[in-house]
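Let's take a friendly walk through a protein fold together. Have a look at the picture first, and then we will go through its parts.

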Amino acid sequence: MKRNKKREYQSSELVKSFARIYGFEHKLIAFEIKDFLEEYLDESLFCEIKSVNIEDQTVIIKINSPLLKHDFQMRKSFYLKKFQDKFGADKFNDLQIL
């Protein structure tokens, strides 16, 4: 009876470790925010989001649609609170809609 060797790390933990070492941890969080928005928004609305980035503790969301951009600006504090609750308040402190 052959036993399989148990992995010491899960793959997601390994990716997070490399991100922390090489300094692109904020990019992984930006991808997680984009995944969160994909689940939260309707598919047609999500298609209007061009990119999500994090720079200097600011979440930057670029949106093509003027209507959706206005909605995000009106509900800026709501979205920022959602992101802080889900990913940690220490990660970012502002939200910018472009």
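## A sheet and its helices

Strand 2 is largely enclosed by the rest of the structure, because five of its six residues are buried. Here, buried means under 20% relative accessible area. Keep in mind as you read that this is a predicted model.

Where does strand 2 sit in the sheet? Three strands form an open sheet in the order 1-2-3, with mixed pairing. Strand 1 and strand 3 (94-97) stand at the edges, and each has a single partner strand, so one side of each is left without a neighbour in the sheet. From one strand to the next, the twist averages 15°.

Strands of a sheet pair through backbone hydrogen bonds, in either a parallel or an antiparallel way. Strand 1 (residues 49-55) and strand 2 (residues 58-63) run antiparallel and are joined by six bridges. Strand 2 and strand 3, on the other hand, run parallel, with four bridges between them.

Here are some bridge partners that you can look up in the structure:

| Residue | Bridge partner | Strand of the partner |
|---|---|---|
| Ile 49 | Ile 63 | strand 2 |
| Ser 51 | Lys 62 | strand 2 |
| Val 59 | Leu 95 | strand 3 |

Now follow the chain from strand 1 into strand 2. These strands make a hairpin with two residues between them, and in this hairpin Asp 56 takes a positive phi near 50°.

Next come the helices around the sheet. Helix 2 (residues 25-40) lies across strand 1 and strand 2, and it runs at about 145° to strand 1. Helix 5 (residues 76-87) also packs on the sheet, where it touches strand 2 and strand 3. The direction of helix 5 makes about 130° with that of strand 3.

Which residues make the nonpolar surface patch of about 550 Å²? They are Leu 14, Phe 18, Ile 21, Tyr 22 and Phe 24. One of them, Phe 18, is found in helix 1 (residues 11-22). Phe 18 counts as partly exposed because its relative accessibility is 41%, and that label covers values between the 20% limit for buried and the 50% limit for exposed.

Terms used:
Residues are numbered from 1 along each chain as its sequence is written. This is a predicted model: local features need pLDDT of at least 70, side-chain atom pairs count only at pLDDT 80 or more; totals for chains, interfaces and linings use all residues. Side-chain values use heavy atoms; hydrogens and water are left out. Two strands pair if DSSP finds at least two bridges between them. Patches are made of residues with over 30% relative accessible area and no salt bridge: like charges are joined within 9 Å, nonpolar side chains (Val, Leu, Ile, Met, Phe, Trp, Tyr) within 5 Å. Accessible areas come from the Shrake-Rupley method with a 1.4 Å probe; for residues, only the protein chains shown count as cover. A salt bridge is a side-chain nitrogen of Lys or Arg within 4 Å of a carboxyl oxygen of Asp or Glu. Buried means under 20% relative accessible area, exposed over 50%, partly exposed in between (1.4 Å probe, protein chains only). Axes are lines fitted to C-alpha atoms, for helices over the stretch in contact, and angles run from 0 to 180 degrees between N-to-C directions. Contact means heavy atoms within 4.5 Å.
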